[in-house]
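Hi,

Here is the structure I promised to pass on to you.

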Amino acid sequence: MDNKLLEIKDLYFSFDTYAGEVQAVRGVSLYVNSKETLALVGESGCGKSVTIQNVMKLIPSPPGRLKSGSIIFNGKDITNYKAKEMQKLRGKEMAMIFQDPMTCLDPTMKIGKLIIEGMLKHEKITRVEAEKRAISMLSKVGISNPDKSMNRYPHQLSGGMRQRVMIAMNLTCSPKILFADEPTTALDVTTQSQILELMNKLKDEMDTSIVLITHDLGVVARMAQRICVMYAGKIVETGSSNEIFYNPMHPYTWGLLSSMPGKNRIDKSKFLETIPGSPPDLFAPPIGCSFAARCSYCMGICKKEQPEKVSINGEHSAACWLLDQRAPNINRPVFKSQVGALD
Ligand code: SF4
């Protein structure tokens with residue numbers, strides 16, 4: 001049975017700027033099943049957030065421009081939904097939490113009002129019922145004295161508390177899908193861990209799917225069932241978390257895993273590895289593989305032609321010329337010992 005809640009098909013999205021066209025998303029296809037967590041992983045500027053903001057229609061046009069592709073949500077083609085149609089979906093069916101809640105929570109509004117407003121907009125309930133639900137939601141996300149906290153302003157809460165409030169705000173209407181854009185980057189490690197646990201718990205309780213946008217593979221290992229690795233506006237590798245962590249096939253994924261601090265690193269005297277160079281200029285993306293300039297396995301063909309996606313194992317696929325049957329044999333790096341979170 002088809003379990004897909006969200007499907008993005010061959011999405012091309014650009015920004016028209018005075019300096020030219022920035023090809024931010026170049027042929028992205030992905031899907032999210034009901035009740036699963038999918039992680040979109042990659043360096044800053046690789047197109048993760050732009051892809052998801054396209055689903056939510058959060059990018060103004062101009063400068064943003066959807067060139068082609070389609071977005072199917074819950075069986076409906078929402079690619080060309082207008083603002084009014086999207087308003088009905090946002091908050092109710094799909095919600096988003098951002099990296100820094102302080103920039104998203106209105107500093108002039110009390111927490112209670114912030115939560116209640118969304119409910120009153122999307123559901124036919126009285127203010128008293130909305131208040132009761134808001135208090136119960138604040139309690140669920142671990143805010144102590146939830147009824148008193150309803151009267152507090154965002155600046156009176158810590159960073160972790162504000163992120164809990166953001167989660168409460170976004171989950172009060174039980175959305176089918178929650179997009180979480182670097183939800184723990186601004187938090188300390190202990191709070192980060194608590195927020196991840198909370199998201200996992202609420203996801204199971206509320207049967208919500210999560211799309212996690214992050215560059216932190218440690219977070220991904222704890223949360224996601226499947227992973228899409230993005231680079232320069234494309235998905236270069238996708239598969240289950242186990243496949244991506246234990247059997248990665250793309251040199252960019254190898255680079256990301258090598259630069260991950262893991263409790264089981266063998267040689268702790270060595271500095272963490274980095275991926276040399278920087279991502280390509282998306283004003284004029286390379287003709288061949290976008291990773292060629294940084295890839296230590298680069299071959300002649302890589303700079304001339306883009307690699308096609310090759311199926312490796314079930315849903316695991318990658319786009320790399322090394323997977324072509326004519327490619328030379330190489331010693332692939334082994335990562336098992338580095339991924340403490342999955343061990
Ligand atoms: Fe490296 Fe070539 Fe594979 Fe690109 S296609 S990642 S350059 S080996």
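This is a predicted model: local features need pLDDT of at least 70, side-chain atom pairs count only at pLDDT 80 or more; totals for chains, interfaces and linings use all residues.

Residues are numbered from 1 along each chain as its sequence is written, and side-chain values use heavy atoms, with hydrogens and water left out.

Let's begin with the open sheet of 4 strands, whose order is 2-1-4-5 and whose pairing is antiparallel. Helices (H or I, at least four residues) and strands (E, at least two) are DSSP runs, numbered from the N terminus; two strands pair if DSSP finds at least two bridges between them. Strand 2 (20-33) and strand 5 (76-77) each have a single partner strand, so one side of each is left without a neighbour in the sheet.

Strand 1 (residues 4-17) is joined to strand 2 by 10 bridges, and here Phe13 stands opposite Val25. Helix 1 (residues 48-56) packs on this sheet and touches strand 1, strand 2 and strand 4 (64-73). Contact means heavy atoms within 4.5 Å. The direction of helix 1 makes about 110° with that of strand 1; axes are lines fitted to C-alpha atoms, for helices over the stretch in contact, and angles run from 0 to 180 degrees between N-to-C directions.

Strand 1 also pairs with strand 4, in the antiparallel sense, over 8 bridges, with Phe73 as the bridge partner of Leu6. Strand 4 in turn pairs with strand 5 over 2 bridges, and Ile72 stands opposite Asp77. In that hairpin 2 residues lie between the strands, and Asn74 takes a positive phi near 50°.

Strand 3 (residues 37-41) and strand 8 (residues 209-214) run parallel and share 5 bridges; Val41 has Thr214 as its bridge partner.

Where the domains meet

The chain is divided into domain 1 (4-224) and domain 2 (231-339), with bounds that come from an automatic or database domain assignment. In all, 23 residues of domain 1 are in contact with 19 residues of domain 2. The two domains bury about 1,700 Å² between them, 56% of it on carbon and sulfur atoms; buried area is the accessible area (1.4 Å probe) that two parts lose on being put together, summed over both. Arg26, Glu43 and Leu217 supply 41% of the area that domain 1 buries there, more than any other three residues.

The count between the domains is 1 salt bridge, meaning a side-chain nitrogen of Lys or Arg within 4 Å of a carboxyl oxygen of Asp or Glu. Glu43 forms a salt bridge with Arg294, and their closest N and O atoms are 3.0 Å apart. Strand 2 gives the most to the side of domain 1 that touches domain 2, with 11 residues.

Best wishes
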